[in-house]
Amino acid sequence: MTQVKTRDAVLAAVIVVGFIIFQIGADVTSGAGALFAVLGLIVVAGAIATLVYDHMGKNRLDDEPTVVEQPALSRFLFHDTRSAPLWLALRLYLGFSWLEAGFHKVTDSAWVGGGSALAGYWTRAVAIDPKTGKGPITYAWFRDFLQFMLDNKWQSWFAPLIAWGEVLVGVGIIVGGLVGIAAFFGALMNMSFMLAGTASTNPVLFVLSVLMMLGWQVAGYWGADRFILPMLGAPWRPGRIFNRHTTTTTTTAAS
C-alpha cells in the first residue's frame, strides 16, 4: 500500500479546515460571513492545487503503484467509446431540457428586454419571511450576492446572458461539441438556481451534467467531439492543430 506522506496529510487537513471556514461563513448572516466563505474556498482551492502540483509529472523512485485500478464499469462508461450510444441518449435528454428552457427565455421580452423576469426571481429569492426569519436561500453570502446584483440592476445584461447561455449549453450537448465544457456551464447554472432555493429539475440535470463532465472524452464520440477533440486535444496532450508547428519543425530539421 502506498505510504502516506506527511505533506499530503497536512494538505488534506488544510482542505478540511477550509471547508469548516466556508461553512462558518455560510452560517453567519452578517457581511463578514461572505468574507469567511470566500476565504474558506480560497484555502480549499489552494490546498488542492498544491496537492495536484506536488504529484503531477513526478516519477516515484520505487515500484509501488500510485494509481488505483478502475472498475470495469468505470472504464467502460468514462473511457470506452463503445459507451457512446448511452451518452447520446443522455445528451439528447439533457440537451433538449436546456434548449427548451433557453428557448422560452430568449423569446420572452421579460428576459431579453430588460431582465424584469430575472429581477422578480432574485427579489423572491432574497425575501425573508418576517415570521420565521428565513427565506428560500440557505447561505447568507449568496443572498448578499443576489441583493448586490439587484441593487446594481445587473438583470439588464445578466438575464439575456442566462437565456442565451441555456440555449448554447443545450445546442453544445445535443450536437456533442465540447460536451465537457457545455456540461460544466450547465451544472454551474443548476447550482446557482439551487443556491437560490429553486429545486425543480435542477438536481437531476446537475447530476447528469456532472456525469457528462466525467465522461467528456467519450460523451461526444457520437457527435462533433469525435472530430473536435483529436484536433484540439487536451492541456496535457495537444491535438493536431497545436502539434502542427512541432511536426513541421521536426520534418524540416530532418531534411
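**A friendly note on this predicted model**

1. Let's begin in a loop. Lys153 sits in the loop between H7 and H8. Keep in mind as you read that this is a predicted model. The backbone of Lys153 has a positive phi, about 55°, although the residue is not a glycine. Is Lys153 buried or exposed? Its relative accessibility is 58%, and because exposed means over 50%, Lys153 counts as exposed.

2. You will find Leu178 in the loop between H8 and helix H9, which covers 179-195. Leu178 also has a positive phi, near 50°, in a residue other than glycine.

3. Now step back to the whole chain. The protein chain contains 13 helices and 2 strands. It has 255 residues, of which 32% count as buried. The accessible surface comes to about 16000 Å², and 69% of that surface belongs to carbon and sulfur atoms. Contacts across the sequence are worth a look too: among those between residues at least 6 apart in sequence, 66% join residues at least 24 apart.

4. Next, a pair of helices to find on your screen. Two packed helices are described by the angle between their axes and by the distance between those axes. Helix H6 spans residues 116-126 and helix H7 spans residues 140-151; they pack at an angle of about 140°, and their axes are 10 Å apart. The crossing of H6 and H7 is left-handed. Which residues make the contact? From H6 come Ala119, Trp122, Thr123, Ala125 and Val126, while H7 supplies Arg143, Leu146, Gln147, Met149 and Leu150. Sorted by type, the residues in this contact of H6 with H7 are 7 nonpolar, 2 polar and 1 charged.

5. How many salt bridges does the model have? The count comes to 2. One of them joins Asp80 to Arg82, with the closest N and O atoms 2.6 Å apart. The partners sit in contrasting surroundings. Asp80 has 17% relative accessibility and, because buried means under 20%, Asp80 counts as buried. Arg82, with a relative accessible area of 64%, is exposed.

6. Stay with Arg82 for a moment. Arg82 lies in the loop between helix H3 (72-79) and H4.

7. With a relative accessible area of 13%, Val167 is buried. What does Val167 touch, leaving out residues up to four places away in sequence? Its contacts are Leu99, Gly102, Phe103 and Val106.

8. To finish, look at Val44 in helix H2, which runs over residues 31-55. Val44 has a relative accessible area of 6%, so it is buried. If you set aside its neighbours within four places in sequence, Val44 is in contact with Ile15, Gly18 and Phe19. The C-alpha atoms of Val44 and Leu11 are 9.2 Å apart, and these two residues are 33 residues apart along the chain.

Methods
Residues numbered from 1 in each chain as written. Predicted model: local features only at pLDDT ≥ 70, side-chain atom pairs only at ≥ 80, totals over all residues. Heavy atoms only, no water. Axes fitted to C-alpha atoms, helices over the stretch in contact; angles between N-to-C directions. Helix = DSSP H or I, 4+ residues; strand = E, 2+ residues; numbered from the N terminus. Left-handed = near helix turned anticlockwise from the far one by under 90°. Contact = heavy atoms within 4.5 Å. Nonpolar A, V, L, I, M, F, W, Y, C, P; charged D, E, K, R; others polar. Buried < 20%, exposed > 50% of the residue type's maximum accessible area, 1.4 Å probe, protein only. Areas by Shrake-Rupley, 256 points an atom, 1.4 Å probe, with all protein chains shown as cover. Salt bridge = Lys/Arg side-chain N within 4 Å of Asp/Glu carboxyl O.
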